[in-house]
Amino acid sequence: PQFPTVERDLAFVISKDVSNAELVGFIRDASDLIRKVELFDDYEGANLLAGKKSVAYRLTFYHEGHTLSTEEIITVMEKIKKGLENKWGVEWRKEM
């Protein structure tokens, strides 16, 4: 690619009834800048309430016409976070 990609991670606690496919689809639909969404952690067990799971996703951002700005990434990440909070009431674990 002519311009660099940018990666960000999201980690949160959500109902285990919500599927990976639902979450990936929701995140992908947030912006055309998102090129890849990868689940890299899916945990159920100790330290979590019954019926909950902790998941973590790596998002890859890319624009074919320019280098992405920090502001562009922050805007999309905030949209995703608010959307996940509103739709599923997620509890945030980590953002990098």
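View 1. W92 is partly exposed, with a relative accessible area of 27%. Here, buried means under 20% relative accessible area, exposed means over 50%, and partly exposed lies in between (1.4 Å probe, protein chains only). This is a predicted model, in which local features need pLDDT of at least 70 and side-chain atom pairs count only at pLDDT 80 or more, while totals for chains, interfaces and linings use all residues. Residues are numbered from 1 along each chain as its sequence is written, and side-chain values use heavy atoms, with hydrogens and water left out.

A search of the whole structure finds three aromatic pairs. Rings of Phe, Tyr and Trp (its six-membered ring) pair if their centres lie within 6.5 Å; planes under 30 degrees apart count as stacked, over 60 as edge-to-face and the rest as tilted. How far apart are the ring centres of F12 and W92? They are 5.3 Å apart, and the planes stand at 70 degrees, so the pair is edge-to-face. F12 lies in strand β1 and W92 in strand β4 (residues 91-95), so the pair ties together parts that are 80 residues apart in sequence. Helices (H or I, at least four residues) and strands (E, at least two) are DSSP runs, numbered from the N terminus. F12 has 0% relative accessibility and counts as buried. Ring pairs link F12, Y57 and W92 into a cluster.

**View 2. F26 against W88.** The rings of F26 and W88 have their centres 5.3 Å apart and their planes at 70 degrees, so this pair is edge-to-face. Distant parts of the chain are linked here: F26 is in helix α1 (residues 20-28) and W88 in helix α2, 62 residues apart. F26 is partly exposed at 24% relative accessibility. W88 is also partly exposed, at 21%. The charged end of K87 sits over the ring of W88, 5.2 Å from its centre. A charge sits over a ring if NZ of Lys or CZ of Arg is within 6 Å of the ring centre and within 35 degrees of the ring normal.

**View 3. The two sides of helix α2.** Helix α2 covers residues 70-88. Its 19 residues should span 27 Å at 1.5 Å a residue, and its end C-alpha atoms are 27 Å apart, which agrees. The expected span is 1.5 Å times one less than the number of residues. Which residues of α2 are buried? They are I73, V76, M77, I80, K81, G83 and L84. These cover an arc of only 165 degrees around the axis, which puts them on the same side of α2. The arc is that of the directions from the helix axis to the C-beta atoms. An α-helix has 3.6 residues a turn, so residues three or four places apart point the same way. On the other side of α2, E71, T75, K79, K82 and N86 are exposed. Just after α2, G89 takes a positive phi of about 60 degrees.

**View 4. Strands β1 and β3.** Seven of the 10 residues of strand β1 (residues 6-15) are buried, so β1 is largely enclosed by the rest of the structure. β1 and strand β3 (residues 52-61) pair in the antiparallel sense over 10 bridges. Two strands pair if DSSP finds at least two bridges between them. A11 stands opposite A56 in β3. S54 is also placed in β3 and is buried at 8% relative accessibility. Leaving aside neighbours within four places in sequence, S54 is in contact with F12, V13, D41, D42, Y43, L48 and R93. Contact means heavy atoms within 4.5 Å.

View 5. L39 lies in strand β2 (residues 34-43) and is partly exposed at 34% relative accessibility. Not counting residues up to four places away in sequence, L39 touches N20, V55, A56 and Y57. The charged end of R58 sits over the ring of F40, 4.6 Å from its centre. N47 is found in the loop between β2 and β3. N47 is not a glycine, yet has a positive phi of about 75 degrees. Is N47 buried or exposed? N47 is exposed, with a relative accessible area of 81%.

**View 6. E64 in the loop between β3 and α2.** E64 lies in this loop and is exposed, with a relative accessible area of 61%. E64 touches F3 and R35, not counting residues up to four places away in sequence. E64 and P1 are 63 residues apart in sequence and 7.6 Å apart in space, C-alpha to C-alpha.
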